[in-house]
Amino acid sequence: MDTQLSKTQRSLGNGLLGAVLLFGIGGIVIYALEGEEVYQPDELYVEECGACHLAYAPGLLPVGSWQGIMQGLEEHFEDNAETDNETASYISNYLEENALRPGQPSKWSMLLRNIPTEAPLRITELPGFIQAHESEYELLEGIDLGVGFFSPCQDCHRQADQALFDKELISPGYGPTFQ
Ligand code: HEC
Ligand code: HEC
């Protein structure tokens, strides 16, 4: 009886220890995720450039692309996205300061691969973007996607608004590895 009890106590003890360990590990995982650089977009930027679509994180395009976009806001992909000069220059500075840069560490450095001298205006036209989505293009081969198919990143990347594009955070059903 005594041994039985102590056995139960022991297994209960183990269980608790297990729970503590699990919790502990969970805590570390959560910490690790939180410890990752958290994207905090500029409020004015989101207000202005998130009105029609996702406010794309500045680090997704090189300086040249942002300059091209900001210089052509009155004819922005067949839309008018013009804003007053003060706001425009504030946003230009913000985008250029935080743009994707060769030689600077970035988890999106794959987007810099093979960029032509004149950088495209679209993230979705960067050779590195196309390469990163190769499996998607293969999957959709033969279907006429049309321009802009990949532009609403949040359709597939659940946490695109937080600029998290990790493979683990893709909505189920997208991409061969995630079905
Ligand atoms: C009036 C609506 C509107 C506003 C405001 C707007 N955009 Fe856009 N934007 C569009 C449209 C429409 C497209 C093309 C979407 C498509 O092809 O599906 C686009 C596309 C883009 C793309 C290319 C996305 C891709 O395919 O890679 C970028 C980058 C972009 N916008 C940046 C900006 C920035 C920066 C601002 C703020 C200065 C802004 N947009 C404000 C309507 C807008
Ligand atoms: C139709 C679904 C879809 C859309 C829309 C989409 N993506 Fe993706 N994206 C994927 C899939 C699936 C992968 C993983 C591809 C693979 O593993 O081959 C991926 C991979 C990536 C990666 C590489 C992630 C890594 O950790 O290697 C980045 C960065 C990325 N996407 C950014 C974007 C951005 C920015 C947009 C919007 C301009 C976008 N994606 C739109 C499906 C999509």
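A polar contact is a pair of N or O atoms within 3.5 Å. Keep that cut-off at hand for this tour of a predicted model.

**Stop 1: ligand 1**

Select ligand 1 and show its surroundings. Which residues are the closest to ligand 1? They are C49, C52, H53, H76 and S151, out of 21 residues that surround the ligand.

Now pick I123. A backbone N or O atom of this residue lies 2.8 Å from an oxygen atom of ligand 1. With a cut-off of 3.5 Å, that pair counts as a polar contact.

Move on to R122. Here the side chain takes part: one of its N or O atoms is 2.8 Å from an oxygen atom of ligand 1.

Next, select H76. A polar atom of the H76 side chain lies 2.8 Å from a nitrogen atom of ligand 1.

**Stop 2: the pocket around ligand 1**

Hide ligand 1 and look at the space it takes. That space is the second largest pocket. Two elements give two or more residues to the shell around ligand 1: helix 2 (43–49) and helix 3 (63–71).

How big is the volume of the second largest pocket? It is about 590 Å³. Its lining has 27 residues, and C49, H53, Y56, H76 and F77 are the closest to the pocket centre. Helix 2, helix 3 and helix 4 (85–97) each give two or more residues to the lining.

Colour the lining by type as well. It divides into 16 nonpolar, seven polar and four charged residues.

**Stop 3: ligand 2**

Centre the view on ligand 2. Its shell holds 22 residues, and the closest are H133, S135, C153, C156 and H157.

Start with the histidines. H133 has a side-chain N or O atom 2.8 Å from a nitrogen atom of ligand 2. Select H157 next: a polar atom of its side chain also lies 2.8 Å from a nitrogen atom of ligand 2.

Then click S135. Which kind of ligand 2 atom does its side chain approach? An oxygen atom, with a polar side-chain atom of S135 lying 2.7 Å from it.

Show helix 5 (127–132) and helix 6 (134–139). Each supplies at least two residues of the shell around ligand 2. By type, the shell has 13 nonpolar, six polar and three charged residues.

**Stop 4: a ring pair**

Show the aromatic side chains. The structure holds five aromatic pairs. Zoom in on one of them, Y45 and Y94. Why is this pair called tilted? The ring centres are 5.3 Å apart and the planes are at 50 degrees, so the pair is tilted. Trace the chain between the two residues. Y45 is in helix 2 and Y94 is in helix 4, 49 residues apart, so to speak a link between distant parts of the chain.

**Stop 5: the cavity**

Finish with empty space. Rolling a probe the size of a water molecule over the atoms shows where such space is left. How many cavities of 30 Å³ or more does the structure hold? One. The largest cavity has a volume of about 30 Å³.

Select its lining: Y39, L54, A55, Y56, A57, L60, A160, A163 and F165. Colour these residues by type.

Notes. Residues numbered from 1 in each chain as written. Chains lettered and ligands numbered in written order. Predicted model: local features only at pLDDT ≥ 70, side-chain atom pairs only at ≥ 80, totals over all residues. Heavy atoms only, no water. Near = heavy atom within 4 Å. Polar contact = N/O pair within 3.5 Å; in protein donor to acceptor, adjacent residues only side chain to side chain. 1 Å grid on protein atoms, 1.4 Å probe; cavity = no way out; pocket = protein on both sides within 12 Å on 5 of 7 lines; lining within 4 Å. Sits in = over half its atoms within 2 Å of the grid points. Helix = DSSP H or I, 4+ residues; strand = E, 2+ residues; numbered from the N terminus. Points joined across faces, edges and corners; volume = space filled by probe spheres on them. Nonpolar A, V, L, I, M, F, W, Y, C, P; charged D, E, K, R; others polar. Phe/Tyr/Trp six-rings, centres within 6.5 Å; stacked < 30°, edge-to-face > 60°.
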